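Dear colleague,

I am handing over the structure below, and my notes on it follow directly after. Please read them with the model open beside you.

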Amino acid sequence: MAERTVRTKNIGLRGIAVADTKISYIDGERGVLIYRGYRIEDLAHNSTFPETAFLLLYENLPTPEQLAGFEKELRAASHLPSFIVDSMKEWPKNAHPMDALQAAVPLLAMADPELFDESRQANLRKAVRLMARVPAVVAAWHRVRQGLDVLPPDESLSHAANFLWQTFGRVPDSEAARVMDVCLILHADHTFNASTFACREVASTRAHMYAGVAAGVGALSGELHGGANARVMEMLQKIVQDGVTDIRGWVRDRLERKERIMGMGHAVYKTMDPRAKILKRLAFDLGEKAGQRIWPDLTQAIEEAAMAELSARGKTNIQPNVDFYSASVYHILGFPGDLMTCIFAASRIAGWCAHIIEEKYGDAQGKPALYRPQAEYVGDYCGKLDCEYVPPEKRRMASTTG
Ligand code: COA
C-alpha cells in the first residue's frame, strides 16, 4: 500500500467537550476535583462511600434517614446469586480478576429482575445492585481462585469494611476500614475518563446499564487507565527485588529508553492530582503503623527523581496521579497487585452508574443522542476508492503468474 499523509492526528479527543455533565468537575491547572458541587478533600475527610455514591446518583447529600435507607438497600443487594459463584468455580483459576469481573457483569445482568425496565427509578435500583455486587464479585473471585469458600456479607459492617472482610476473611480494624472507605470515595468519579466515556457511549445506544458497565470494566483494565496502579506496584517490587539504590539513575535510564513512569502524568491534571495528595498521606500513615514505610518512601523517591528528570527535559506537568500512592496503600492493606484495578472498579461503579443514568435521560444535555463520530478514510488499495472484486480462482492464478 502506498504511503499516505496522516490527515487526522489522533489526539484522543483531548480538550473536546462531547457532552454536558452535572456529575463532576475537574480543574486540571489548579488540581481541583468536585463531585456535584463538593470538593474531593471535603468528601474524603467527612463523607463515606455510600453517602458519596448517593450524592453522585441522586444529586444531593442524603438526610440521615435517606442514608440509612440507602445503606440498607446496598446491604440487601449484596448477596451474589448462587449461579454466579457456581459458574466462577469452573473458570480457570489463573484468570485475571479484571477479566473475571468483566465476565461476571453480564451474569449480574441475567440475575436482575428489572433488566429491561428503562424507567429512571428502575435504573437507580440497578445502580444500587451493581454497587453492592461489583465488590462482592471481586472478593468472591479472589477467594474462589485460591480454593477458599466465598463469604456471605457481614451486615454489621460498613460497605468498605465488608469489602475487606469478604476479600480476606478477617474483620478489619477501624483504621483499615476508614482507609478503604476513603479510597472508594476518591475513585468514585472523574468526569469523562476513558471508562466512563465507554459506559456512556454504550448507554447512548439504549443498551441496558450492565452492557455499559461491562464496557467500562474493559476500558478500566488498560495500563494507561485503571491498570496503572498494578503497574506501579510491579515497578516498586522490581526496584526492591533488583536492589536498586540509585533511584535517580533508574528513572533516567527508564526515560532514556522512552518508558513511562507508571502512576505519573494525567490527561487533564497539569499539577499533582488532588487525590494523589490524600493518598500520599494515607500511604505514609498506614506504612508507618504497619512497619511498611518502604513503599511510600520508595514511591516518594521516584516522584522526586522523576520530577527532576522530567523538568530537565522541559516536562513539568507530569506529576503523581491517583494510582501512584494508591498502589502502596492497597499493598499495605493486603491486596495483591492484580486485584488493585478491581478496587478502582468497585468504587468507580458509582460514577459509571450516575453517568449512564445522565446519558440515558439527557439530564444535563437535553435530548440524549447516539454517539457516532466519524473517521477520515485513508484506505488506498487499488489507486481509486472502490476496487474491482476478483474471484478467488483468479486471485490464485494472478499470484502464481505474477
Ligand atoms: N512518564 C514519562 N513520560 C511521560 C509520562 C510518564 N508517566 N506521561 C507522559 N509522558 C510523556 C510522554 O512520553 C510524551 O512524551 P513525548 O512528547 O516526548 O513523546 C508526553 O509526556 C505526552 O504524553 P501523552 O501520552 O501524549 O500525554 P497525556 O497527557 O495524554 O498522558 C497519560 C496521559 C495518563 C496517558 C500518561 O501520562 C501516562 O501514560 N501515564 C502513565 C500511566 C498512568 O499512570 N496512567 C494512569 C492515569 S490516571
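Aspartate 273 is found in the loop that runs between helix 12 (247–256) and helix 13 (274–290), where helices are DSSP runs of H or I with at least four residues, strands are DSSP runs of E with at least two, and both are numbered from the N terminus. This aspartate is buried, with a relative accessible area of 0%; buried stands for under 20% relative accessible area, exposed for over 50%, and partly exposed for what lies in between, with a 1.4 Å probe and protein chains only. A polar atom of the aspartate 273 side chain lies 3.1 Å from the backbone nitrogen of valine 322. Apart from neighbours within four places in sequence, aspartate 273 is in contact with His266, Pro320, Asn321 and Val322, contact being heavy atoms within 4.5 Å.

Before going further, please keep in mind that this is a predicted model, in which local features need pLDDT of at least 70 and side-chain atom pairs count only at pLDDT 80 or more, while totals for chains, interfaces and linings use all residues. Residues are numbered from 1 along each chain as its sequence is written, and side-chain values use heavy atoms, with hydrogens and water left out.

Next, the cysteines. A disulfide is a covalent bond between the sulfur atoms of two cysteines, and here the cut-off is a pair of cysteine sulfur atoms within 2.5 Å. A search of the whole structure finds one disulfide, which joins cysteine 382 to cysteine 387 with an S to S distance of 2.3 Å. The link between cysteine 382 and cysteine 387 is left-handed, with -100 degrees about the S-S bond. Cysteine 382 is partly exposed because its relative accessible area is 33%, and cysteine 387 counts as partly exposed at 41%. Cysteine 199, by contrast, is in no disulfide, and the nearest cysteine sulfur, that of cysteine 353, is 7.8 Å away; cysteine 199 is buried, with a relative accessible area of 0%. Cysteine 342 is likewise in no disulfide, since the nearest cysteine sulfur, which belongs to cysteine 183, is 15 Å away, and cysteine 342 counts as buried at 0% relative accessibility.

Isoleucine 11 sits in the segment before strand 1 (24–27) and is partly exposed at 42%. Leucine 13, also placed in the segment before strand 1, is partly exposed at 44%, and has a positive phi of about 60 degrees although it is not a glycine.

Another positive phi in a residue other than glycine is that of threonine 191, near 45 degrees. Threonine 191 lies in the loop between helix 8 (174–186) and helix 9 (194–203), and counts as buried at 16% relative accessibility.

Finally, helix 2 (residues 49–58) is mostly covered, with nine of its ten residues buried, among them Phe49, Glu51 and Leu57. Glutamate 59, which follows helix 2, has a positive phi near 80 degrees.

With best wishes

Terms used. A polar contact is a pair of N or O atoms within 3.5 Å; within protein, one must be able to donate a hydrogen and the other to accept it, and residues adjacent in sequence count only if both atoms are side-chain atoms.
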